[in-house]
Amino acid sequence: MITLLKNARLLSNPKEEKCDILFNKSIIAVDKEIHPGLKDIKVIDADGKFVSPGLIDQHTHLIGAGGKFGFESLTPEIMLSELIGCGITSVVGVLGTDGATRSIKSLYAKTKSLEAEGISAFMHTNYFGLPPVTITGSVQDDLIFIDNVLGCKIAISDERGAFADEKDLLSLLRQTRTGGLISGKGGVLHVHLGGLDTRMDILFQLVKKHQFPIRNISPTHVGRTEKLFYQSLEFAKLGGMIDITTGASKFTEPYEQVLLALNNGVSIDNLTFSSDANAGLSVVDKNGAITGLKKAPLYESIRQVQKLIGTGKVTPADAIKLMTVNPAKNLGLKKKGRIEPGFDADFTLFDDNYEITDVIAKGEVFMQNKILLKRGRFE
């Protein structure tokens, strides 16, 4: 069914003028006023709410993670209603340390399940280690033949990783980039950064020594430590996209990291937020002793966007880029991240306090006026 969203204020419009958006599964038209002259049409009055492209979380543990304290520390999977409640209409699932009890095929099945429930779900092949864990037996073939696979994951500078050398990473990059070129995807090597002193050194070698295209290298957890963060800013100044984790692994609050990056000459267009949702985290007391476990929260990314807007130092239009146009560009999602004709009809609506009120994915209303209209099949 064709739907007309009226009286919406585009976050990307600094004048905050109201507009209308006509769409079905994709956006048909965006204009100050639209009078389609159709009988069979659904009309939704946005009542002056802000509207942004549907939010993208490019690093989540869709089928759970954790496990470093035994089987009982494995975290649960993420459900559809959790994503919708956070305004997320596109999500990327990854594996972590565990490539054994967490199967790459199970991750694929989860993306297909969420897709069937109505949102856009993707994944990266492999996990922390080597040799690569894939579906087809090849990183390149996973990208070419499996629509949901956008890239490949690997961990560096982490005692749980594979301690990959330049040759290992160049091999993965070649497969990932070539697979992306053939399939028309972004083809990114999504690099988990640990806390070891080697930090991002090897990534600079790949770019400077071997002249590998920087856009195919996607480092995440850049704010794990202060030294790592400032090194990542140099990577961004070379043209790389760096991902700030909001739900875990941070030396200071993520919105403060954005301000530090901007103050050090990094463009907002080279920064993204992702949650690391459902990663297993330790709860510690004031003496540093572990007292329990928790999962990394999915909602923290939008909360950090709200805090960033609240500083008054970044416009709402720029702040929302961290979860819309920037991750879409990083992942090579050509129909995501913008409200323009031809793009997917994914929208997240906000009130004047930038609290999420409505969510529309692929033209279907999932949440309206803060009331969830659709849940996952088993919720």
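Lys112 and Glu115 form a salt bridge (a side-chain nitrogen of Lys or Arg within 4 Å of a carboxyl oxygen of Asp or Glu), with their closest N and O atoms 2.8 Å apart. This is a predicted model, in which local features need pLDDT of at least 70 and side-chain atom pairs count only at pLDDT 80 or more, while totals for chains, interfaces and linings use all residues. Residues are numbered from 1 along each chain as its sequence is written, and side-chain values use heavy atoms, without hydrogens or water.

Lys112 and Glu115 are separated by about one helical turn because they lie three residues apart in helix α2 (residues 104-117). Helices (H or I, at least four residues) and strands (E, at least two) are DSSP runs, numbered from the N terminus. An α-helix has 3.6 residues a turn, so residues three or four places apart point the same way.

Arg303 and Glu300 form another salt bridge, the closest N and O atoms being 2.7 Å apart; these two residues are three apart in helix α8 (residues 300-310). At 4% relative accessibility Glu300 counts as buried, whereas Arg303, at 37%, is partly exposed. Buried means under 20% relative accessible area, exposed over 50%, and partly exposed in between (1.4 Å probe, protein chains only). The structure holds 17 salt bridges.

Helix α5 (residues 201-208) has the buried residues Ile202, Leu203, Phe204, Leu206 and Val207. Their cover includes β9 (149-156), α4 (166-183), β10 (188-193), β11 (217-220) and α6 (226-237). The loop between α5 and β11 holds Arg215, which is partly exposed at a relative accessible area of 37%.

Key
Contact = heavy atoms within 4.5 Å.
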